[in-house]
Amino acid sequence: SIYSFSAGRKANLFLLQFLGYLNRGFSLHEPELTDFQAGLVRYLSTHSSLIVVDLRYQIPGGLAAEVFPKRLPHLYRGETLSIFGRYPAGAEELTLGLLGRDGDGRERELLFRRRFRDCPEAGGALAQHWGAQKIFHLIGQRTLTTDAAAREGLTGQIGALAKDYSLYVPY
C-alpha cells in the first residue's frame, strides 16, 4: 500500500491521491505547512490499528462493473470505507459482500443488504465522488496500456466524465 502525506500549496495532490487509489492506500493533505506536525501525528495514529487487510467486495448481478474503487484499501479502526457504485433504475435492493483477512490471517465476511427506498436521497456530491473514482480507474488503465487507440479512447472517456461531473483532470 502507498500512504502519502503532503503539506503546503505546491503538492501534486492529483498524483498523491492517484497513487493511493491504485495501491490500496490513502492520501492526506494539509493545506498549511504550519499544520504539518499535528496533521502527520493524527494521520499516523489513524493508520495504527488495522482491522482487515486485502479487503474486497462481491456484488451480485454483474453490477460490479460500475463500482469503484476496484481495489479497496485496508481498513483501519476509526476510518470510513467508501465504495461508490451505480445501479439500474429498477433495482430495489443493494447487496454487498465484503471479504478480507483479520489480524490473525483468518478470512472474514460481512454481508450488507438494504432496500433503496430505505436509503436517504443522495445529493450531487455523491455522483461527483463516483465520477472521480471512475476517472482514477480509467487513468490507471490508460497508464498501463501501450495501444495508442485504446489510450485515445480512454482519454476521451476520462475527458467526458470530467466534463459531466465538473472534475479536474491534469490532461
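This is a short tour of the predicted model, stop by stop, with what to select at each one.

**Before you start**

Residues count from 1 along each chain as its sequence is written, and side-chain values use heavy atoms, with hydrogens and water left out. Since this is a predicted model, local features need pLDDT of at least 70 and side-chain atom pairs count only at pLDDT 80 or more, while totals for chains, interfaces and linings use all residues.

Colour by pLDDT, the predictor's confidence in each residue, from 0 to 100. The mean for the protein is 88, and 99% of its residues reach 70 or more. Helices (H or I, at least four residues) and strands (E, at least two) are DSSP runs, numbered from the N terminus.

**Stop 1: the core**

Select Trp130, Ile135, Ile139, Ile158, Leu161 and Val169. These have the most contacts inside the largest nonpolar core, which has 16 residues. A nonpolar core here is a set of buried Ala, Val, Leu, Ile, Met, Phe, Trp, Tyr and Cys residues joined through side-chain atoms within 4.5 Å. Buried means under 20% relative accessible area, exposed over 50%, and partly exposed in between (1.4 Å probe, protein chains only). Now show α1 (13–22), α3 (124–144) and α4 (148–164): each supplies at least two residues of this core. The largest share, five residues, comes from α3.

Stay on Trp130. Which residues does it touch, leaving aside neighbours within four places in sequence? Its contacts (heavy atoms within 4.5 Å) are Glu66, Phe68, Phe84, Gly85, Arg86, Leu161 and Tyr165. One of them, Arg86, lies over the face of Trp130, at 4.5 Å from the ring centre. To count as over a ring, NZ of Lys or CZ of Arg must be within 6 Å of the ring centre and within 35 degrees of the ring normal. Lys70 does likewise over Phe68, at 4.6 Å from the ring centre.

**Stop 2**

Next, pick Tyr3 and Tyr76. They form an edge-to-face aromatic pair, 6.1 Å centre to centre with 80° between the planes. Rings of Phe, Tyr and Trp (its six-membered ring) pair if their centres lie within 6.5 Å; planes under 30 degrees apart count as stacked, over 60 as edge-to-face and the rest as tilted. Tyr3 is in strand β1 (residues 3–7) and Tyr76 in strand β5 (residues 75–76), so the pair ties together parts 73 residues apart in sequence. Tyr3 is partly exposed at 30%, while Tyr76 is buried at 9%.

Apart from neighbours within four places in sequence, His47 is in contact with Tyr3, Phe26, Tyr76 and Glu79.

For another ring group, select Phe14, Phe18, Tyr21 and Phe136, which ring pairs link into a cluster.

**Stop 3: salt bridges**

The whole structure holds 11 salt bridges, each a side-chain nitrogen of Lys or Arg within 4 Å of a carboxyl oxygen of Asp or Glu. Select Glu66 and Lys134, which meet at 3.2 Å, N to O. Glu66 sits in the loop between β3 and β4 (67–68) and Lys134 in helix α3, so this bridge ties together parts 68 residues apart in sequence.

Then go to Glu93 and Arg113, bridged with their closest N and O atoms 3.1 Å apart. Glu93 is partly exposed at 31%, and Arg113 is exposed at 53%.

Last, select Asp102, Asp104, Arg106 and Arg108, linked in a network of salt bridges.
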